[in-house]
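This report describes one protein model by its fold, its surface and a few selected residues. The sequence and structure come first, and the terms are defined as they are needed.

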Amino acid sequence: MVLRETVCLRRLAGGDHSEEIRYGRFLGNDAVTADRIIAGWSDQTRLAVEGRHVLAVQDTSEIKFPTTEGNRRGLGKVKKGNCWGLLLHPMLALDAERGSCLGLVGGQVWTRGDEELPPHAERPLSEKESRHWIETAEAAKPVLARAGMVTFIADRESDLYMMWAGVPDGHCHVLSRLMNDRALTTGGTLRRAVAKVVFCDTQVIELRERQDRPARRAELCLRFGEATIKRPANLRAKGLPEGVTLRWVEVVETAAPDGVEPLHWLLLTTHAVSSPAQAWQIVAWYKQRWTIEQFFRTMKAQGLKIEDSQLQSAARLEKLIAIAAKAAVIVMQLVQSRSGQDAQPASLVFTPNEIDTLAALEKRFKGKTKLQANPHPRSSLA
């Protein structure tokens, strides 16, 4: 997939029909499961994170496929309207200092059923899709055990009391964006408490391009503080405290361009925040969430074009997505490393035999002058 930049079985087979059949049989084999493929995502990652502060970024993406009324391919509803597909919830490990991608940590891929579900508020967490935020973080802890520190980062959908109360420990922190206003143990709500604090600093930051907006610069005003979030009255889970003390950081864009929605982040974290410098660091870490959006773009229209697959069953598509996710991360790692500024080891992507092969090929292709020689160390990914 990395070499041919596609997930199309015919193109992967290079025109060899028997090879195409073999690929199809592999995906159709009941002994091959998406869970087993996903379990192998982190083989290199668990070594690459050693000693680092790791930003573990997770998100959910809806991957839609064309269907007809008579052939839904076993897929479930996604998005609004007549859209059918699968859901992918991965976690990426990033180096907190450089932002470089260290690999996939874990995740899940699934198909929604068509059964009628009880109202969201009446279902336990085990029957809600929001459980993936907590399950993925907990499953990531053994993979990231060698990291010096871990910060789990996610967008507003992960704003769950169980995430704040259950996931953090001495090794792991949480950083997320507030979705719903939260009641405080001292009375009132978090947004009201934040509004009483005076802005203390301003800074211009670069916003990277996203699918729904171009890249631009934004001047942000900053304020920060601490609050104790009250346990929701309707929370069924046992063993959780009546309150969780968190630090909050709010940045507000006061002069957005005409026709552009101003940036406004109210971030919650378990990290200590006692100065503007620490608060801006929280903002900088949260900005790295952009990388997982780039990952989804690499899988979809701007890369492997996973949504163009013609496989006719959801079970096979789940496996194909799990394989394509690993390929997309390798593509991102190679792109990041080509400048040589990020000193990642070649073993992050290549096997020892492949590294030996690349070294042998280098002797054949390098020229006689310095400009025609590979300037990067053999053991580096660059």
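## Burial and Asp-155

A residue is called buried when its relative accessible area is under 20%, exposed when it is over 50%, and partly exposed in between, using a 1.4 Å probe and protein chains only. By this definition Asp-155 is buried, its relative accessible area being 12%. Asp-155 sits in the loop between strand 6 (149-154) and helix 6 (161-166); helices (H or I, at least four residues) and strands (E, at least two) are DSSP runs numbered from the N terminus.

Contact means heavy atoms within 4.5 Å. With neighbours within four places in sequence set aside, Asp-155 is in contact with Ser-176, Arg-177, Tyr-286 and Arg-289.

## Basis of the model

The model is predicted: local features need pLDDT of at least 70 and side-chain atom pairs count only at pLDDT 80 or more, while totals for chains, interfaces and linings use all residues. Residues are numbered from 1 along each chain as its sequence is written, and side-chain values use heavy atoms, with hydrogens and water left out.

## Overall fold

The protein has 11 helices and 11 strands. Its radius of gyration is 23 Å, close to the 21 Å from the globule rule for 382 residues, so the protein is as compact as a globular protein of that length. The radius is taken over C-alpha atoms, and the rule is 2.2 Å times the number of residues to the power 0.38. Along the principal axes, the C-alpha atoms fill a box of roughly 70 × 60 × 45 Å.

Of the 382 residues, 46% are buried. Among contacts with a separation of 6 or more, 64% join residues 24 or more positions apart.

## Surface and charge

## Positive phi angles

Most residues other than glycine have a negative phi. Glu-5 has a positive phi of about 55° without being a glycine. Glu-5 lies in the segment before helix 1 (9-12) and is exposed, with a relative accessible area of 61%.

Lys-305, also not a glycine, has a positive phi near 55°. Lys-305 belongs to the loop between helix 9 (290-299) and helix 10 (314-337), and at 40% relative accessibility it is partly exposed.

## Leu-12

Leu-12 is in helix 1 and is buried at a relative accessible area of 14%. Leu-12 and Met-1 are 11 residues apart in sequence, and their C-alpha atoms are 6.7 Å apart. Beyond neighbours within four places in sequence, Leu-12 is in contact with Met-1, Arg-4, Thr-6, Val-7 and Tyr-23.

## Cysteines

The structure holds 0 disulfides, a disulfide being a pair of cysteine sulfur atoms within 2.5 Å. For Cys-172, the closest cysteine sulfur is that of Cys-101 at 18 Å, too far for a bond.

Cys-172 is buried at 3% relative accessibility. Cys-83 is buried as well, with a relative accessible area of 18%.
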